[in-house]
Amino acid sequence: MPELQEVAYENLSAILALRVKDTQQGLVASAERTVAQTAYAPFTWTRAIFEGRKAVGLIALVDMRPDHPEVEPEDPPDAVYLWRLMVDAAAQGKGYGRFAMQAAFAQARTWGRGTFCTSVVPRDDSALVFYERFGLRPTGRIIDGELFLQGPVPAD
Ligand SMILES: CC(C)(COP(=O)(O)OP(=O)(O)OC[C@H]1O[C@@H](n2cnc3c(N)ncnc32)[C@H](O)[C@@H]1OP(=O)(O)O)[C@@H](O)C(=O)NCCC(=O)NCCS
């Protein structure tokens, strides 16, 4: 059974070793970059996914609360933004992405948010269809060249 772990001294090396497939380069930032950025960005929630002692994935959310410095007028007013999601190349296709999405929705409910959003690189091998399985849909907005997706936070 997978579990969530906060980034810490004890598990940092395992988390920094996470890699997507070579063909997936450019779809998501590296684990190193995510760990560094989320340590300093406001209102974030970052968790590694572990299966036993093995790191299998990394997820980062942002609570887009009204006082967040990067919230824009066109952003939904009660949103959580999925900033990063990666599952290690060797661990993909085993349900860890789904586990991560369920954990993300649970955190969104903890924050009291009703809208979930993210963005994907416009490539055929992007995670668009994966996100559509969780109720996210393209809104037509393009942010920094990425397709903006949005959907409701499901009830528990
Ligand atoms: C997208 C990603 C997180 C999915 O993780 P995963 O652990 O392989 O996904 P799961 O095994 O939990 O799959 C859950 C379901 O989604 C489907 N799925 C997974 N990746 C998919 C994709 N890219 N496109 C369509 N369906 C996908 C699975 O077949 C599975 O379907 P099922 O429930 O009918 O069996 C992972 O492939 C990844 O890290 N990709 C590279 C980085 C990336 O694109 N991240 C998103 C940045 S926006």
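Read along the sequence, the protein chain runs β-α-α-β-β-β-α-β-α-β-β. That gives four helices and seven strands in the chain, where helices (H or I, at least four residues) and strands (E, at least two) are DSSP runs numbered from the N terminus. Please keep in mind that this is a predicted model: local features need pLDDT of at least 70, side-chain atom pairs count only at pLDDT 80 or more, and totals for chains, interfaces and linings use all residues. Residues are numbered from 1 along each chain as its sequence is written, and side-chain values use heavy atoms, with hydrogens and water left out.

Now for the overall dimensions. The C-alpha trace spans about 40 × 30 × 30 Å along its principal axes. The radius of gyration of the protein chain is 15 Å, which agrees with the value near 15 Å for a compact globule because the chain has 156 residues; this radius is taken over C-alpha atoms, and the globule rule is 2.2 Å times the number of residues to the power 0.38.

On to the ligand. It is surrounded by 22 residues, the closest being Leu85, Val87, Gly97, Arg98 and Arg133; a residue counts as near if one of its heavy atoms lies within 4 Å. By class, this shell has 12 nonpolar, seven polar and three charged residues. Here Ala, Val, Leu, Ile, Met, Phe, Trp, Tyr, Cys and Pro count as nonpolar, Asp, Glu, Lys and Arg as charged, and the others, Gly among them, as polar.

| Residue | Protein atom | Distance |
|---|---|---|
| Val87 | backbone N or O | 2.8 Å |
| Gly93 | polar backbone atom | 2.8 Å |
| Arg98 | polar side-chain atom | 2.7 Å |

Taken alone, the ligand exposes 910 Å², and the protein buries 74% of that (accessible areas by the Shrake-Rupley method with a 1.4 Å probe). The elements that give two or more residues to the shell are β4 (79-87), α3 (96-110), β5 (115-120) and α4 (128-132).

Finally, a look at strand β1 (residues 3-5), which holds Gln5. The side chain of Gln5 makes a polar contact of 2.7 Å with that of Glu3 and another, of 3.0 Å, with the side chain of Asn11. A polar contact is a pair of N or O atoms within 3.5 Å; within protein, one must be able to donate a hydrogen and the other to accept it, and residues adjacent in sequence count only if both atoms are side-chain atoms.
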